[in-house]
Amino acid sequence: QVQLVESGGGLVQAGGSLRLSCAASGSFVSINDMAWYRQAPGKQRVLVATITSGDSTNYVDSVKGRFTISRDSAKNMVNLQMNNLKPDDTAVYYCNANIALGLFVTQTYWGQGTQVTVSS
């Protein structure tokens, strides 16, 4: 069974930094695209950043220039470096990965979420 486990959330003042990490474990062939989503209280879950297996990245406009997504394929990990944090970044952050379980078989997995709180 495949699991995604996040770490690195917490409380930080506006202007501060946090680094989120997500590690995939279990039995699988490879990991395709990976991503970070976030869900603020009372709002829908939204995409924050994506990274392909070839390390191409994309970001939502509100985090461009402040957040950096990266992956360590050898460790089956994806990271999100968050700088210059703002109160609007407060949310539960979720790791997402599209994982190849076998030939022509893929499945999307979610982590359990990690809370990021930015105080003003």
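The model is predicted. In this model N84 is not a glycine, yet its phi is positive, at about 50 degrees. Most residues other than glycine have a negative phi. The relative accessibility of N84 is 42%.

D55 sits in the loop between β5 and β6 (57-59). With a relative accessible area of 48%, D55 is partly exposed.

The chain holds 11 strands and 0 helices. From the N terminus on, the order of elements is β-β-β-β-β-β-β-β-β-β-β. The radius of gyration is 14 Å, and the globule rule gives 14 Å for 120 residues, so the chain is as compact as a globular protein of that length. Along the principal axes, the C-alpha trace spans about 50 × 25 × 25 Å.

Contacts between residues at least 6 apart in sequence were then considered. Of these, 55% join residues at least 24 apart. Buried residues account for 38% of the 120 residues. The accessible surface of the chain is about 6400 Å². Carbon and sulfur atoms contribute 47% of that surface. The chain carries 9 positive and 7 negative charges.

In soluble globular proteins, nonpolar side chains tend to be buried together. In this chain, the largest nonpolar core contains 29 residues. W36, L80, M82 and Y93 touch the most other members of this core. Two or more core residues come from each of β3 (18-25), β4 (30-39), β5 (46-51), β7 (67-72), β8 (77-82), β9 (91-102) and β11 (114-119). The largest share, 5 residues, is supplied by β9.

Neighbours within four places in sequence are left aside here. The remaining contacts of L80 include W36 and Y93. L80 also contacts L18, R19 and L20. A further contact is A49. F67, T68 and I69 complete the list for L80.

Terms used. Residues numbered from 1 in each chain as written. Predicted model: local features only at pLDDT ≥ 70, side-chain atom pairs only at ≥ 80, totals over all residues. Heavy atoms only, no water. Helix = DSSP H or I, 4+ residues; strand = E, 2+ residues; numbered from the N terminus. Rg over C-alpha atoms; globule rule 2.2 N^0.38 Å. Buried < 20%, exposed > 50% of the residue type's maximum accessible area, 1.4 Å probe, protein only. Contact = heavy atoms within 4.5 Å. Areas by Shrake-Rupley, 256 points an atom, 1.4 Å probe, with all protein chains shown as cover. Lys, Arg positive; Asp, Glu negative; His and termini not counted. Charge placed at Lys NZ, Arg CZ, Asp CG, Glu CD. Core = buried A, V, L, I, M, F, W, Y, C linked by side-chain atoms within 4.5 Å.
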